[in-house]
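Thanks for passing this one along. Here are a few friendly notes to read beside the model.

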Amino acid sequence: IAAHKGKASPALSTLYVRLARLAARVGDSKTELSALSRALDADKKNGALATELADRAEAAGDFDLATKALRIITVHQAAGSLSTAVAFLRQAKIAHRRGETDRAVLFARRAVQEASQDDPVAAESQEFLKSAVRAYTSR
């Protein structure tokens with residue numbers, strides 16, 4: 001890692017992922033999340049890595065880091081296990097949990113726009129949007 005001198009590259013990303021795996025094996029979730037975040041910083045177009053970081057960060061309750069990873073999926077439309085619509089829906093749910101109803105509505109609308117009609121995410125996004133709008137207008 002030191003030999004790369006902080007220059008972003010897929011090779012540096014691979015090293016940070018390996019470091020994250022080691023941290024996970026010893027139960028050090030803080031170091032694991034930090035290493036995964038650095039790996040993603042080094043390879044922003046890696047959708048699988050962004051998905052993994054979002055999953056781990058959300059499970060650990062680090063919603064800022066989860067949102068960062070989900071944002072990378074939506075901005076770069078990185079190929080991975082999450083579609084852009086799912087990434088927007090997850091951001092909407094995180095914003096809703098944080099009490100940021102206006103952001104939740106914005107992300108839910110984007111999820112609806114991104115989802116194809118036959119995609120099950122479309123129906124889930126529509127339902128979430130309805131409930132978020134109700135919460136937003138009842139304030």
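**Notes on helix packing and a buried serine**

1. The crossing of H3 and H4 is left-handed (the near helix is turned anticlockwise from the far one by less than a right angle; clockwise would be right-handed). Helix H3 covers residues 47-60, and its axis lies 8 Å from that of H4, at an angle of about 160 degrees. The two are therefore roughly antiparallel to each other (an angle over 145 degrees). On the H3 side the contact includes Ala-50, Leu-53 and Ala-57, and on the H4 side Phe-63, Ala-66 and Ile-73 are among the residues (contact means heavy atoms within 4.5 Å). By class, this contact has eleven nonpolar residues, one polar and one charged.

2. A word on the source: this is a predicted model, in which local features need pLDDT of at least 70 and side-chain atom pairs count only at pLDDT 80 or more, while totals for chains, interfaces and linings use all residues. Residues are numbered from 1 along each chain as its sequence is written, and side-chain values use heavy atoms, with hydrogens and water left out.

3. Helix H4 (residues 63-76) also packs with helix H5 (residues 84-97), at about 155 degrees and with axes 9 Å apart. That makes H4 roughly antiparallel to H5. The contact of H4 with H5 has seven nonpolar, four polar and three charged residues.

4. Do look at Ser-125, in helix H7 (residues 120-137). Ser-125 is buried, at 0% relative accessible area (buried means under 20%, with a 1.4 Å probe and protein chains only). Its side chain reaches the backbone oxygen of Val-121 at 2.7 Å. Beyond neighbours within four places in sequence, Ser-125 is in contact with Leu-89, Ala-108, Ala-111 and Val-112.

Technical notes
Axes fitted to C-alpha atoms, helices over the stretch in contact; angles between N-to-C directions. Helix = DSSP H or I, 4+ residues; strand = E, 2+ residues; numbered from the N terminus. Parallel < 35°, antiparallel > 145°, perpendicular 65-115°, else oblique. Nonpolar A, V, L, I, M, F, W, Y, C, P; charged D, E, K, R; others polar. Buried < 20%, exposed > 50% of the residue type's maximum accessible area, 1.4 Å probe, protein only. Polar contact = N/O pair within 3.5 Å; in protein donor to acceptor, adjacent residues only side chain to side chain.
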